[in-house]
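Please consider the structure displayed below.

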Amino acid sequence: MNQRARQRARAIVKMLIPEDYERIQSIKINDLGFGYDPFGLEIESAMMAYAVAKFIYTHWFRVESHGVENVPIKGPVLVTPNHSGVLPFDGAMIMVDVTKKMETPRIMRAVVDNFAGFLPFVNTLFYRWGQIIGARRNFEELLRQGEMVLVFPEGHKGTGKPYGERYKLTRFNVGFMELSLLNKTPIVPTAVIGAEEQYPYMLDLKPLARMLNFPYLPVTPMMLLVGPLGILPLPTKYTIYYGEPLHFYRDYPPETVKDPETIYGLVDTVKTRVQELIDQGLRERKGVFGFSLSSLDALLGGAGETAPPDERRQIQEKAGT
Amino acid sequence: MVKKIKKTVKKKTVTVKKKEAPVAKKAETASRKKNVLITGVTGTVGSRLAEALYYDKNVGVIMGVALGAKPYYFNQFDTKRFRYKNLNILKQRDLTNLFLASDFKEAKINTVVHLAFLNRVVSASKEKKTFNTLNVEGTRDLLEKCIESGSVTKFIFKSSDVVYKIRPHNPIYLDENADLNFDTDVDPWIKDRVDADMICQSKLDNRKTNIVILRFSNIIGRMVSSQMNAFFDSPLNFRALGFNPLINLIHMEDVIQAIHLAIRKNVKGIFNIAGADTAPISTFAEINRSRMVSLPEPLLRPSNALLRMMGLTRYYYSVDQDRLKYSLLLDTGKAQKTLGFRPRSHVYFERGVA
């Protein structure tokens with residue numbers, strides 16, 4: 001953006017979200033001199049994205065959250081939620097939530113999948129909004145700079161899982177744990193309830209996905225019913241739970257990264273904690289859409305699915321919890 | 001009493017040091033003086049480097065080598081300190097004669113800065129074989145002669161960041177160990193750059209000659225034949241639709257500073273050198289007030305070819321097809337720590353100021 005466009009963007013943001021304008025304006029970035037940080041983040045673009053996402057946050061997903069005070073207000077931190085819902089609205093909602101509710105607003109940097117880098121427009125927009133393509137070196141650099149990083153340990157396996165697998169965590173990648181120990185970074189286990197029902201998808205067009213370099217290409221019943229409008233997610237109610245930060249680095253020195261067994265054990269601890277938060281959320285929620293509508297809830301799988309699946313039980317046994 | 005004795009001893013030591021210092025210093029300075037051979041001295045970087053070295057007291061003799069007669073701007077230099085030689089380093093005989101020549105031996109050349117490398121524009125006007133010979137074989141022959149000579153203790157090669165493989169999922173800062181571009185379908189000029197870089201890398205372990213490879217980001221400056229210079233010089237630019245990568249521009253002053261530091265300091269190895277200005281490509285185009293049109297990627301190559309045919313640009317899209325999509329920033333940590341390099345100058349555009 002040039003200076004004029006930046007001024008216009010600020011004016012639009014002020015008009016759209018006057019209540020948050022001062023807060024988000026106060027966020028400082030590591031400006032290289034032209035209004036961009038080394039990763040391509042531009043504060044005005046991030047403000048615009050925030051304004052749009054805030055609208056979705058308030059009116060579409062009607063997000064509620066618990067435990068935002070568990071997220072450290074300064075220093076490096078890793079936020080590790082479950083991942084779901086085909087399109088990563090869960091990440092966007094967490095970002096809006098922490099920016100809106102934290103005592104001192106911070107920009108959350110999300111680590112996104114490599115495939116986003118190939119896509120025109122997506123590539124540029126993600127960088128301008130502060131998102132980072134998932135190279136390990138980028139991850140390290142962010143933590144070194146004391147940033148708050150959102151990482152989905154499930155990767156795209158989470159967003160691409162079938163509807164029947166909702167709220168069952170897939171395998172966690174271990175990279176985040178290694179970086180947490182190496183960079184002495186606390187981990188905030190987080191659960192997002194509601195995202196797993198936003199795109200109940202039926203089948204994955206794998207050959208087409210491969211051709212387009214996408215990790216998956218799902219078809220949802222809504223796409224069949226209303227055509228391109230089916231790209232809109234269902235207005236499920238989101239609830240976000242932030243767990244207490246886990247400071248593994250206090251007990252495990254950086255050399256632990258050379259011990260895969262311990263690392264897998266620590267990752268399982270995080271996974272179990274996220275699953276516990278998910279279970280708590282599922283127990284507490286009133287319905288998929290935030291109110292009891294028994295017939296629709298029943299169609300989408302019900303509100304109170306609290307029985308832990310087999311996999312969860314196995315993890316809990318393994319982690320000794 | 002004990003304290004007094006200690007003080008006396010200290011004083012004595014200091015006095016001895018003071019007496020010895022001037023003699024030792026003189027001898028040390030004489031041995032430390034750098035006598036430098038610069039290939040491609042008539043180029044913009046070469047001539048600016050020659051000038052900078054000429055006014056450096058730590059540099060003794062400067063020998064400039066290039067094709068053609070001595071340019072007028074070297075006439076201001078004292079011939080005792082600056083010597084110009086018209087020779088073709090491609091010719092084995094010329095190269096051998098250079099190292100055997102009495103003035104080379106008299107000058108006690110101990111440092112060679114290899115800048116002679118045909119740029120993409122010049123390369124295009126010659127046959128592929130010809131520019132490959134100069135860029136790659138010329139570099140290899142010169143390096144071998146330097147090592148064989150026994151007197152050359154440092155060989156500095158000016159490389160470029162085009163040697164790196166540009167990918168969307170690259171780390172934001174590429175360090176010196178990042179993957180090089182060994183793709184078979186890349187522009188032949190990039191292949192030359194990578195090959196020459198690899199030839200120098202293969203000799204990095206040499207004990208007699210310290211090899212220094214300086215990989216610069218996009219050099220911007222008047223009369224510089226760099227790709228980005230040609231890009232911003234063009235009245236009309238094209239970029240890939242949907243992409244706006246970050247690029248780094250380095251000022252000519254900082255290029256000279258980096259080479260100068262590499263000559264002075266006792267270093268060897270590969271160093272990334274980047275400038276002070278980093279921004280999306282569209283921001284620089286805007287500061288330069290150049291017209292930039294975004295086109296779908298498949299249209300970029302024919303559009304660029306058309307502009308070149310019409311004489312509107314000297315820029316080669318084929319060299320930068322990935323750079324126009326994905327960011328490439330260099331990690332200069334090693335250069336900062338070992339060379340003490342810090343970019344000092346910002347890039348100025350003729351039409352606007354960056």
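Helices (H or I, at least four residues) and strands (E, at least two) are DSSP runs, numbered from the N terminus. This is a predicted model, in which local features need pLDDT of at least 70 and side-chain atom pairs count only at pLDDT 80 or more, while totals for chains, interfaces and linings use all residues. Residues are numbered from 1 along each chain as its sequence is written, and chains are lettered from A and ligands numbered from 1 in the order in which they are written.

The loop between helix H8 (156-159) and helix H9 (175-182) of chain A contains A:Tyr167. A residue is termed buried if 20 or more other C-beta atoms lie within 10 Å of its own, exposed if 12 or fewer, and partly exposed in between, with C-beta atoms placed from the backbone. A:Tyr167 is buried because 23 other C-beta atoms lie within 10 Å. Its phi is near 60 degrees, a positive value in a residue other than glycine. Most residues other than glycine have a negative phi. In chain B, B:Lys108 likewise has a positive phi, near 50 degrees, and is a residue other than glycine. B:Lys108 is placed in the loop between helix H4 (102-107) and strand E4 (111-114) of chain B. Is B:Lys108 buried or exposed? With 12 other C-beta atoms within 10 Å, B:Lys108 is exposed.

Axes here are lines fitted to C-alpha atoms, for helices over the stretch in contact, and angles run from 0 to 180 degrees between N-to-C directions. Angles under 35 degrees count as roughly parallel, over 145 as roughly antiparallel, 65 to 115 as roughly perpendicular and the rest as oblique. Helix H1 (residues 3-16) of chain A packs against helix H3 (residues 43-60) of chain A at an angle of about 25 degrees, and their axes are 9 Å apart. H1(A) and H3(A) are therefore roughly parallel to each other. H1(A) passes H3(A) in a left-handed crossing, a term used if the near helix is turned anticlockwise from the far one by less than a right angle, with right-handed used if clockwise. Residues are in contact if their C-beta atoms, placed from the backbone, lie within 7 Å. On the side of H1(A), the contact is made by A:Arg6, A:Ala9, A:Arg10, A:Ile12, A:Val13 and A:Leu16, and on the side of H3(A) by A:Glu44, A:Met47, A:Met48 and A:Ala51. Seven residues of this contact are nonpolar, none is polar and three are charged; Ala, Val, Leu, Ile, Met, Phe, Trp, Tyr, Cys and Pro count as nonpolar, Asp, Glu, Lys and Arg as charged, and the others, Gly among them, as polar.

H3(A) also meets helix H4 (residues 89-101) of chain A, where the axes come within 9 Å and cross at roughly 100 degrees. H3(A) and H4(A) are therefore roughly perpendicular to each other. Here A:Tyr50, A:Ala53, A:Lys54 and A:Tyr57 of H3(A) meet A:Ala92, A:Met93, A:Val96 and A:Thr99 of H4(A).

Attention now turns to the strands. Strand E3 (residues 108-112) of chain A is mostly covered, with five of its five residues buried. From E3(A), A:Met108, A:Ala110 and A:Val112 point one way, while A:Arg109 and A:Val111 point the other way. Two strands pair if DSSP finds at least two bridges between them. Three bridges join E3(A) to strand E5 (residues 148-150) of chain A, and the two run parallel; A:Ala110 has A:Leu150 as its bridge partner in E5(A). E3(A) also pairs in the parallel sense with strand E4 (residues 132-133) of chain A, over two bridges, and there the bridge partner of A:Val112 is A:Ile133.

Chain B has 12 helices and 14 strands, and 45% of its 354 residues are buried. Strand E11 (residues 269-273) of chain B has four of its five residues buried, so it is largely enclosed by the rest of the structure. Strand E7 (residues 210-216) of chain B runs parallel to E11(B), joined by five bridges, and B:Phe216 stands opposite B:Ile273 in E11(B).

Finally, the two chains meet: 20 residues of chain B are in contact with 21 residues of chain A. The largest share of the side of chain B that touches chain A, four residues, comes from E12(B). That side divides into 11 nonpolar, seven polar and two charged residues.
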